[in-house]
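Here's a quick tour of some side-chain pairings, a helix crossing and a surface patch. Have the viewer open as you read.

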Amino acid sequence: MNEGKDLVQVLWNGADVLRGKMDANEYKTYLLGLIFFKYLSDSYLAKAYDLLEDGTPDDLEDALSAYEEVIASDDGDSFLSEMRDTLHYTLDPDMTYVSILKSVKDNSFNRELLQSAFNRIEESDELFNGLFADVDLYSSSLGTGDQKQSSTIAELIRVLGDTDLIHTEGDVLGNAYEYLIGQFASETGKKAGEFYTPHGPAQILCRIAISGQEDKKGLQVYDPCMGSGSLMLSTRTYSKEPDYIKYFGQELMTSTFNLARMNMFLHGILPENQHLRNADTLDADWPTDEETEFDVVTMNPPYSANWSAADGFLQDERFMDYGGKLAPKSKADYAFLLHGFYHLRASGTMAIVLPHGVLFRGAAEGTIREILLKNGSIYAVIGLPSNMFYNTSIPTCIIVLKKHREGRDVLFIDASNLYEKEKKQNVMKPEHIDKVLELYNKRETIDKVTYLASYEDIERNDFNLNIPRYVDTSEDEEPVDLPQLTKNMKETNAAIKDCNNALLNMFGELAIDSPEIKAEVDDFIKVFEEV
C-alpha cells in the first residue's frame, strides 16, 4: 500500500472505532499514539531483517520469524545490543505489533502486554521518556469494564493492522500523519489552537522565514511554541538540504509535546537532529547552551495569554532592552515575540502570527513596538483573513522580523481577501499563498494591496502599524449622474400619480350603504387627492 490516500483512509478508519466514545481531542491521542507504536515496531522488525538478510522484508511475519530465531540463538545478546545502538530501543518478539495483532485475531489479546511494550520503549532511551503517557489503555472512556475497554483497543489494533508503514515512499507516512492532525484540529475546534496551525498561514510563515536560506546545509530552525511541530517540519519542503536541518522546539502542553516528538520520528528526523523540550517558554529562557541563535524562527503562540510579567524579567536579556517595559500581564504577545527575536541569528528571519492588537495598542506595547521600529527590526506586516484559526475567529497578522538590516522601511500587505470560504473555516489555497509570497518578494507599493512605508511614514503615524493606515482598500463611489437621476425621479412621480388616479377611480365605483363607512372612505380619498 504505497498510495498516501489509501494510507490516510485506513488510518482515518481507526477514528471510527473511537468516535462516539470520546471527543476528538481525546481519541486523537489513542489513534496517533498507536500509529506511532506500529511505526516503531514495524521499523524495528524491518531493521532486524535488514541486518540479518540485507534487504527489506516482503512480509513482517517473515521478519518476526527471523528475529525470533536470532534472539533464541547464541548471538541473541549481541544482536539486541546492535539493535539498541541503531534504533535506541528494543522489543521482545511478543511485544511487536505483528505479534499483538495475531493475539487480537485469535482472541487472546492482553492489554498488559501492549502496556509493557510502551514501557519498554519509554525506558530504552531518554529520547522516548513519557512518550505514551497519554495513551491510557485502562481509561473508562474506552468502555465500561475491562472487557469493553480491551475490546475497543483490540479493534483499533485490528483496523490499523491494514497499514503498510514499511514500504511507503518518501514522506508519505509523515504527510498522512500531518493530514490526520489537521482533521483532528477541524473536529476539535478551539482546543486545536494548542497544537495546530492551518496549512495556509503555516506555509506563508515557513516560506518567508526560510527565504534566501534554502541552500544552507545544517539549517537550524526554532519554534518556542511548537505545538505538533508542523511549522518547523514545513521547512523541509522548501530546503534543498532537508536531511541536515536541526530542529529546536519547546512546548508547554505535555500531550502536545509528545505529539510533536512522534511527528518528528514519522517524518524520518534523526534523533540527533531533534532538540525538543517540554516547558514554559516565557518562564525560563531556552536554549541557553551551545545553540542559542537560529536561522529560522517560526511562531504561532497563544494569543493574548496571561503571564507573570514579574519585575525580574526586566533583567532578562530577552526583554531588557525595550525601555524598561514588559508585555502586559494579560497580553503576553510581545513577550513571545521578543523571546523568539532574541534567539534569531543576525542573518536569519523570524515570522510570527499574532492578533492585530499588537499593531496599534499603546502603553508598554507601544514602547516596545517603537523601539523595534527604530531598530529596523520589523520587516513586514501581513494581514490575514479572519476565521483562519480554530481557536479564534478574529483576524490575525504575520509579523516578519530581521536583525541588523539596512533601512527601517516596513512592507504592509493586506491579504484579508485571499481565501475561500469552507464549512467551518476560511482557507487559503495554493494560489492565495503564492500571491502573498509574490507580493512579499516584490516589496513595493501596489494600490489597495501593499504599501512600502518609510520610517518617516511610520513616525508620522506615531508608530501605529494598523494596516488600514497604510493600505487603503476603500472603493471610490461612482459619481452621481444628476440628469439621469432627475429623469428617473420624474418618471417615478408620474407612475405614482397614475396609480393614485387608478385607485381613486376604483373607490368612486364603490356602492356604500352605511353613512359612517362612506365618511371614512371619503376621508381616505382626500388623502390621495392631496398627494
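D434 and R207 pair up through their side chains in a salt bridge, 2.9 Å from N to O. This is a predicted model, by the way. The two partners come from distant parts of the chain, 227 residues apart: D434 belongs to helix 15 (residues 430-442) and R207 to helix 9. D434 is partly exposed, with 40% relative accessible area, and R207 is also partly exposed, at 24%.

Helix 9 (residues 199-210) also holds C206. With 0% relative accessibility, C206 counts as buried.

## Other charged pairs

The whole structure has 19 salt bridges. One of them joins R318 to D316 at 2.8 Å, N to O. R318 is buried at 1% relative accessible area, and D316 is buried too, at 17%.

D409 and R443 make another, at 3.4 Å. They sit 34 residues apart, with D409 in the loop between strands 7 and 8 and R443 in the loop between helix 15 and strand 11. D409 is partly exposed at 23%, while R443 counts as buried at 15%. Then there's a network: K216, E291, D295 and R345 are joined by salt bridges that share partners.

## Helix crossing

The axes of helix 5 (residues 97-105) and helix 7 (residues 146-160) come within 9 Å and cross at roughly 120°, so the two are oblique to each other. Their crossing is left-handed.

## Nonpolar surface patch

On the surface, V480, L482, L485 and M489 form a nonpolar patch with about 410 Å² of accessible area together. L485 lies in helix 17 (residues 482-508) and counts as partly exposed, at 38% relative accessibility.

Notes: Residues are numbered from 1 along each chain as its sequence is written. This is a predicted model: local features need pLDDT of at least 70, side-chain atom pairs count only at pLDDT 80 or more; totals for chains, interfaces and linings use all residues. Side-chain values use heavy atoms; hydrogens and water are left out. Patches are made of residues with over 30% relative accessible area and no salt bridge: like charges are joined within 9 Å, nonpolar side chains (Val, Leu, Ile, Met, Phe, Trp, Tyr) within 5 Å. Accessible areas come from the Shrake-Rupley method with a 1.4 Å probe; for residues, only the protein chains shown count as cover. A salt bridge is a side-chain nitrogen of Lys or Arg within 4 Å of a carboxyl oxygen of Asp or Glu. Helices (H or I, at least four residues) and strands (E, at least two) are DSSP runs, numbered from the N terminus. Buried means under 20% relative accessible area, exposed over 50%, partly exposed in between (1.4 Å probe, protein chains only). Axes are lines fitted to C-alpha atoms, for helices over the stretch in contact, and angles run from 0 to 180 degrees between N-to-C directions. Angles under 35 degrees count as roughly parallel, over 145 as roughly antiparallel, 65 to 115 as roughly perpendicular and the rest as oblique. A crossing is left-handed if the near helix is turned anticlockwise from the far one by less than a right angle, and right-handed if clockwise.
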